[in-house]
Amino acid sequence: MDIRLLPLLFLVLLAACERNHATIVHRSAPYMGTTVEITVVAGSTDEGERAISEGFSEVARMELMFSSYRQDSDLARVNAAAGHGPVPVPRPFVELLEKAKKVAEVSDGAFNPLVGPAVKLWGIPEAPQVPSREELERLLPLTALGGLSVSAADGTVALSRPGMALGLGGIAKGYTAERVAARLRERGIGAGIVAVAGDIRTFGTRPDGQPWRIGVRRPRAGAEPAAVLEMGDGAVSTSGDYERYFELGGVRYHHILDPRTLWPARSGTAGVTVLAPDAATADGLATALFVMGPQAGLQLVQRLPGVEALYIAEDGTQSASAGWPGGGS
Ligand code: AMP
Ligand code: MG
């Protein structure tokens with residue numbers, strides 16, 4: 001089977017620009033099953049490189065907490081203990097789960113971090129297969145959000161039934177981008193971009209005072225971006241059916257599941273891009289909005305302060321929220 005991985009957003013980095021000795025330093029590295037790119041504005045290349053190295057250490061730390069692929073992750077410990085009481089977890093784990101629960105609530109369950117067992121069964125992208133209807137139906141009761149307890153006071157997470165499993169692939173990349181940006185700022189970096197695949201956090205401006213420019217890819221074809229976003233302090237995430245998928249018998253099976261059925265969500269959407277105040281929210285909401293489709297999704301966006309969205313349908317039609325830069329439709 002043919003598995004394809006495609007970037008969803010791309011950075012429009014013009015030539016490194018020097019003014020007031022400020023320079024743009026950029027590095028990418030493979031983490032979290034994808035490519036992570038860190039860009040900083042620094043006083044010198046050395047200073048920038050040091051900050052970027054620290055940024056990647058933070059990425060590695062987050063991967064060790066949230067990875068579904070590593071037996072030694074905190075996530076694996078929590079999942080292994082399903083049905084056996086609360087498990088102590090590091091502070092960022094609690095923080096991310098609280099965010100995940102919030103996105104699940106506002107999206108009325110379209111975002112659901114308990115789809116973990118179904119994601120594993122579909123095996124996208126490493127061992128893709130179409131599970132039987134019965135297998136998926138059997139997993140549905142394990143995805144009830146009431147079975148997930150998070151205690152910030154105790155620093156613990158509990159899954160109520162054996163077989164339940166968290167899968168944080170829909171929100172951990174954005175959360176990581178947010179953490180890395182915060183870390184860079186703490187050590188005095190005033191501007192930069194952290195991009196974990198299609199989950200991007202920007203802060204500050206380019207050395208010449210211009211905003212960062214982030215291109216939104218057209219899902220089905222063409223090198224021309226569907227939109228170019230000018231970003232200062234903010235976050236943008238894209239979820240699409242063209243990022244991780246396989247085709248079988250002419251049908252495209254992608255990696256975003258409708259929690260009501262545990263089948264790939266079909267709402268006529270090829271991709272949705274979300275602007276939000278922080279990158280974890282942008283990431284979680286992009287996944288949720290993909291499941292919800294443009295009608296319900298744009299209604300939700302309207303109620304959320306600081307959030308805007310652009311939908312691109314399978315036929316290329318675009319629809320955006322009222323406050324989307326350049327105008328809604
Ligand atoms: P994203 O690329 O951020 O939209 O996240 C997609 C990933 O999130 C998938 O690869 C799954 O690991 C996981 N996932 C799939 N469907 C859902 C869903 N409805 N809610 C939460 N996470 C999901
Ligand atoms: Mg997401």
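Ground rules come before the tour. This is a predicted model, so to speak of local features we need pLDDT of at least 70, side-chain atom pairs count only at pLDDT 80 or more, and totals for chains, interfaces and linings use all residues. Residues are numbered from 1 along each chain as its sequence is written, chains are lettered from A and ligands numbered from 1 in the order in which they are written, and side-chain values use heavy atoms, with hydrogens and water left out.

Start with the metal. Which residues coordinate the magnesium ion (ligand 2)? They are Gly 170 through O, Asp 283 through O and OD, and Thr 287 through OG1, at 2.0 to 2.4 Å. A donor here is an N, O or S atom within 2.8 Å of the metal, or 3.2 Å for Na, K and Ca. Water is not among the atoms, so a site may look incomplete. Along the chain, the donors of this ion follow the spacing G-x112-D-x3-T.

Asp 283 and Thr 287 share helix α7, residues 279-303. They sit four residues apart, about one turn of the helix. A word on elements: helices (H or I, at least four residues) and strands (E, at least two) are DSSP runs, numbered from the N terminus. The cut-offs are under 20% for buried, over 50% for exposed, and partly exposed in between, with a 1.4 Å probe and protein chains only.

The largest pocket has a volume of about 1200 Å³. Of its 49 lining residues, Ser 68, Tyr 69, Val 119, Gly 167 and Gly 169 are the closest to its centre. Which elements give two or more residues to this lining? They are α1 (45-66), α2 (74-80), α4 (116-122), α6 (172-186), β12 (234-240) and α7. The most comes from α4, with five residues. By class, the lining holds 24 nonpolar, 16 polar and nine charged residues. For those classes, Ala, Val, Leu, Ile, Met, Phe, Trp, Tyr, Cys and Pro count as nonpolar, Asp, Glu, Lys and Arg as charged, and the others, Gly among them, as polar.

How do we define these spaces? We use a 1 Å grid over the protein atoms alone. A cavity is a set of points where a 1.4 Å probe fits but cannot get out. A pocket is an open set with protein on both sides within 12 Å along at least five of seven lines. Lining residues have an atom within 4 Å of a point. Points are joined across faces, edges and corners, and a volume is the space filled by probe spheres set on the points.

How many cavities of 30 Å³ or more are there? The count is one. The largest cavity has a volume of about 30 Å³. Its lining is Asp 241, His 254, Ala 265, Arg 266, Ser 267, Thr 269, Phe 290 and Glu 314. That makes two nonpolar, three polar and three charged residues.

Next, the cores. A nonpolar core is a set of buried Ala, Val, Leu, Ile, Met, Phe, Trp, Tyr and Cys residues joined through side-chain atoms within 4.5 Å. The largest has 81 residues. Ile 38, Phe 66, Phe 93, Leu 166, Leu 168 and Leu 184 touch the most other members. Helix α7 gives the most to this core, with twelve residues. A second, separate core has 20 residues, including Ile 24, Val 41, Ile 193 and Leu 275.

Last, some single residues. Asp 258 is in strand β15, residues 257-258. It is buried, at 11% relative accessible area. Beyond its neighbours within four places in sequence, Asp 258 contacts Trp 263, Pro 264, Ala 265 and Val 291. Contact means heavy atoms within 4.5 Å.
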